[in-house]
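Thanks for coming. Please have the structure open.

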Amino acid sequence: GQPGLREAISMSCITNGSAGNRKTSHSPSVPISRKETFSSAAKSGTEKKKEKLQGQTEKKEDSHSNDQNPQMQASPSPSPQPSAQTHPTHRQTPDVKSSAPGKRHKDVIVSQEGEYIKMFMRGRPITMFVPSGVEKYWEIKTELPPEKLKLEWVLAVHPDKIRIATGQLAGVDKDGRPLQPHVRVWDSVSLMTLQVIGLGTFERGVGCLDFSKADSGTHLCVIDDSNEHMLTVWDWQKKSKVAEIKTTNEVVLAVAFHPTDKDTIITSGKSHIFFWTWNGNSLTRKQGIFGKYEKPKFVQCLAFLGNGEVLTGDSGGILLIWSKTTVEGTAGKGAKGVYQISKQIKAHDGSVFTLCQMRNGMLLTGGGKDRKIILWDHDLNPEREIEVPDQYGTIRAVAEGKADQFILGTSRNFVLRGTFNDGFQVEVQGHTDELWGLGTHPFKDLFLTCAQDRQVCMWNSVDHTLEWTRLLDEPGHCADFHPSGTVVAIGTHSGRWFVLDAETRDLVSIHTDGNEQLSVMRYTVDGTLLAVGSHDNFIYLYTVTENGRKYSRYGKCTGHSSYITHLDWSPDNKYIMSNSGDYEILY
């Protein structure tokens, strides 16, 4: 490449007070002395003159720490000329008149000469040069852009089901502080959070939850992911915990309030079903007895029939009906209602994953292994069935739609709308593993995503539909469209990158840079160069011809001491600005 790019000025910053022990990984073919760091640019004129002389004698050293400033590390320039002459982009004006030396702007420190500013990110000093056209940084007035982001589209929600409760896992915030698991009640139309419940109560996360039905949804029952799988009942509008009890050490997969018997809560999971009587602040448990019926490995889902009977679906593909009987208790105790199995039905090959009670009293069941939706009549005789095509995955959730439609959620993140007569149409499609790469078309309403699941998807942002999808040989991590819009470059986790035709999805070109994951692909504004940022700390440059169809290796930018995270071309296509995992900014 041309010397200006090859000897790109590099700026480095060091963890506070630990200049000496920083791990660097530079290519052995490029001596570290090529780097001129921020610290030398920020020194006074006399210090620079001293360094010029030292530069001729200290070539043998990889780097030397500057005693006056332990936060910075500088390397002498290999040539006796000051670098300001060889790199006109670099501003070195030690005689700048500063009207506010060492001025602090909130969390920003401006240098004595006014030529660089220092900010702290996660406790680490990040040094940045002020652009050469700016005389007094602290006099610049900037305002936030007037544009506001608004969530345009998620999913249509049935008008009856306005308020939704979701359980959140424990996690960490962006600064590494722990976030507690909780339940969030929100409005499905405005998407506003109405209530946050259970902070400090739940352990690890929330496994399952249900609104009460007999009292119009005043209460919420929750099972957490602690070892004891605590069952708690909440008056959610008052945020008050009404009752609490340990359920079992086994996995719990479902919880439900009985729709008509307001005192009954049912939980089920690994090899069990429990019927709970809730009275004020107390909960008492009765275990469901399987008796002569084979005990399933997992009782996965619950529903209620019109007569108040309980229906369960399990991992053996079986539906069981549990009816309330009246049996005489022991002496001194009155008759007690106990749930017992009254009927068994073989429903699916493989697990019954989901049950949906319909408005007309009929029932839909969804199978895992057999991928079937079955409609059952009021006497639980199978009436209709339909199989979900293999490419959508197995059935995980079923809900009733408008008229005779039903909505499915699948194991491969599809939401399908279907009828028994007309089959399925895709409402929503998602990736099935972590989503890493995103590129927007330069002028059409299209965007592309690539993910850990090796799928590349082209989406229409107006219709919210999938234009096409293609499976790569390996996970995709980053993407960028050529400015012509005809091709798109996709970087993978192995160092290979592909160029696909944006219309036909055909493979146009394939290249490899290093053997680590690629984190950013970026074309110049005019489309004549491509920069590829890698986790091996290098940026690889290619010349691009034939409207993005031909690529030739042009050079390599070295000098980052951590993996590349972002990069950006200047509008004149001459300069690159890049960031790395340790928050360096290099130009």
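Which residues does Phe 406 touch, not counting residues up to four places away in sequence? A word on the source before I answer: this is a predicted model, where local features need pLDDT of at least 70 and side-chain atom pairs count only at pLDDT 80 or more, while totals for chains, interfaces and linings use all residues. Residues are numbered from 1 along each chain as its sequence is written, and side-chain values use heavy atoms, with hydrogens and water left out.

Now the answer. Phe 406 touches Leu 364, Ile 373, Ile 386, Ala 399, Gly 401, Leu 416, Arg 417, Gly 418, Thr 419, Phe 420 and Phe 424. Contact here means heavy atoms within 4.5 Å.

Phe 406 also belongs to the largest nonpolar core, which has 17 residues. There, Leu 364, Ile 373, Phe 406 and Leu 408 touch the most other members. A nonpolar core is a set of buried Ala, Val, Leu, Ile, Met, Phe, Trp, Tyr and Cys residues joined through side-chain atoms within 4.5 Å. Buried means under 20% relative accessible area, exposed over 50%, and partly exposed in between, with a 1.4 Å probe and protein chains only.

Strands β26 (372-376), β28 (395-400), β29 (406-410) and β30 (414-419) each give two or more residues to this core. Strands are DSSP runs of E, at least two residues, and helices are runs of H or I, at least four, numbered from the N terminus. Apart from this core lies another, of 16 residues, including Ile 266, Phe 304, Trp 322 and Tyr 339.

For the whole protein, the count is four helices and 46 strands. Of its 587 residues, 47% are buried.

On to charges. The structure has 19 salt bridges, each a side-chain nitrogen of Lys or Arg within 4 Å of a carboxyl oxygen of Asp or Glu.

One of them joins Glu 503 to Lys 444, with the closest N and O atoms 3.2 Å apart. Glu 503 sits in the loop between β38 (496-501) and β39 (507-512), and Lys 444 in the loop between β32 (435-440) and β33 (446-451), so the pair ties together parts 59 residues apart in sequence. Glu 503 is exposed, at 59%; Lys 444 is partly exposed, at 38%.

Another pairs Asp 235 with Lys 238, at 3.8 Å, N to O. Asp 235 is buried at 11% relative accessibility, whereas Lys 238 is exposed at 65%.

Last, Asp 173, Lys 174, Asp 175 and Arg 177 are linked in a salt-bridge network. Within it, Asp 175 and Arg 177 meet at 3.5 Å, N to O.
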